[in-house]
Amino acid sequence: MDINIRSFLFVIATLVHCSACTNGNNDKETVSTTTATVAHEDSASIFAESEGREGGAAVIEQNEVAVAEAYLIADSCAGPFRIDAVIPKKMEGFDVTKFQEEKIFPTGETREISGCIYEIGNEGWVKVTSTYDAATDCTTDKTSEIFVFSDLFLTAKGIGAMSSIEEYVAAYPDFRIRYIRNEKLFVVEAQQLKNVQFIIDNEYYRGDGATLASGESVELQVSDFRKESHFTAIRITK
């Protein structure tokens with residue numbers, strides 16, 4: 001097998017492997033220094049070198065499928081990150097950093113929440129937040145929220161964090177847009193993607209500010225935003 005193909009497959013294999021973790025240190029701490037380098041340019045060069053060789057096209061197709069699965073946005077998950085799963089302390093292919101932050105709940109109460117940030121080289125990052133258990137007044141090691149700041153992650157229909165509202169609407173006709181007042185977020189959702197919200201930057205909104213104050217969750221239209229308004233992140237929550 002060609003050296004470049006072996007290197008590519010190694011990166012793919014490391015991306016889909018993860019190990020469980022529990023919450024710990026309150027200080028920021030880097031717990032892994034492996035950097036993912038799955039560049040789209042590599043796929044092109046591999047295809048060129050394999051072209052004309054027996055089985056080369058099949059290998060490329062398998063690689064592309066593996067990459068798509070490693071970064072797939074689907075119901076309650078983003079690639080290897082899933083709601084209610086244990087937050088991975090280490091993950092091959094990612095630089096992992098622990099964090100602590102204060103979170104304000106709808107009740108107005110503030111609690112310190114922990115989690116991990118997973119950097120993907122220069123391809124962006126994913127933030128995974130732990131679950132707060134009101135009964136015990138402490139956090140658990142389970143995932144409650146995922147924020148994706150990387151255009152590597154895509155839905156099965158090719159929509160990602162850097163797509164536009166128009167592209168989303170064309171792919172998911174059952175969409176709805178709403179403003180969540182207590183979180184100050186504009187989100188786009190679809191029934192086909194359970195618990196997945198695409199975040200619109202506040203600067204793209206051109207509607208009436210009074211409308212946003214009319215309820216805790218305000219339904220909006222595409223026309224309430226500037227044309228070619230792009231998303232800034234993907235949020236996956238319970």
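Student: How much space lies in the largest pocket?

Tutor: About 540 Å³. This is a predicted model, where local features need pLDDT of at least 70, side-chain atom pairs count only at pLDDT 80 or more, and totals for chains, interfaces and linings use all residues. Residues are numbered from 1 along each chain as its sequence is written, and side-chain values use heavy atoms, with hydrogens and water left out.

Student: What makes a space a pocket rather than a cavity?

Tutor: In a cavity, a 1.4 Å probe fits but cannot get out. A pocket is an open set of points, with protein on both sides within 12 Å along at least five of seven lines. Grid points are joined across faces, edges and corners, and the volume is the space filled by probe spheres set on the points.

Student: Which residues lie nearest the centre of the largest pocket?

Tutor: Lys103, Phe105, Glu145, Glu183 and Arg235, out of 21 lining residues. A lining residue has an atom within 4 Å of a point. The elements giving two or more residues are β7 (95-104), β9 (125-133), β10 (138-149) and β16 (231-237). The largest share, five residues, comes from β9.

Student: What makes a stretch of chain a strand or a helix?

Tutor: Both are DSSP runs, numbered from the N terminus. Helices are H or I, at least four residues; strands are E, at least two. The chain has five helices and 16 strands.

Student: How do you know whether phenylalanine 99 is buried or exposed?

Tutor: Phenylalanine 99 has a relative accessible area of 6%, so phenylalanine 99 is buried. The residue lies in strand β7. The C-alpha atoms of phenylalanine 99 and glycine 115 are 5.5 Å apart, yet the two are 16 residues apart along the chain.

Student: What about leucine 220, buried or exposed?

Tutor: Leucine 220 is at 6%, so leucine 220 counts as buried. Leucine 220 is found in β15 (residues 217-220). Isoleucine 177 is 43 residues away in sequence but 5.2 Å away in space, C-alpha to C-alpha. Leaving aside neighbours within four places in sequence, the contacts of leucine 220 include Ile177, Tyr205 and Phe225.

Student: What makes β16 largely enclosed?

Tutor: Six of its seven residues are buried, so β16 is largely enclosed by the rest of the structure. Strand β16 runs antiparallel to β10, joined by four bridges. Strand β14 also runs antiparallel to β16, with five bridges. Isoleucine 234 in β16 is the bridge partner of valine 148 and of phenylalanine 198.

Student: Why do β4 and β5 count as paired?

Tutor: Two strands pair if DSSP finds at least two bridges between them. Strand β4 (residues 77-78) and β5 have two bridges, in the antiparallel sense, so they meet the definition. Alanine 78 stands opposite phenylalanine 81 in β5.

Student: What makes a set of residues a nonpolar core?

Tutor: The members are buried Ala, Val, Leu, Ile, Met, Phe, Trp, Tyr and Cys residues, joined through side-chain atoms within 4.5 Å. The largest core has 43 residues, and Tyr118 and Phe153 touch the most other members. Strand β14 (residues 193-200) gives the most to this core, four residues. A second, separate core of six residues includes Phe147, Ile180, Val187 and Ile199.

Methods. Buried < 20%, exposed > 50% of the residue type's maximum accessible area, 1.4 Å probe, protein only. 1 Å grid on protein atoms, 1.4 Å probe; cavity = no way out; pocket = protein on both sides within 12 Å on 5 of 7 lines; lining within 4 Å. Contact = heavy atoms within 4.5 Å.
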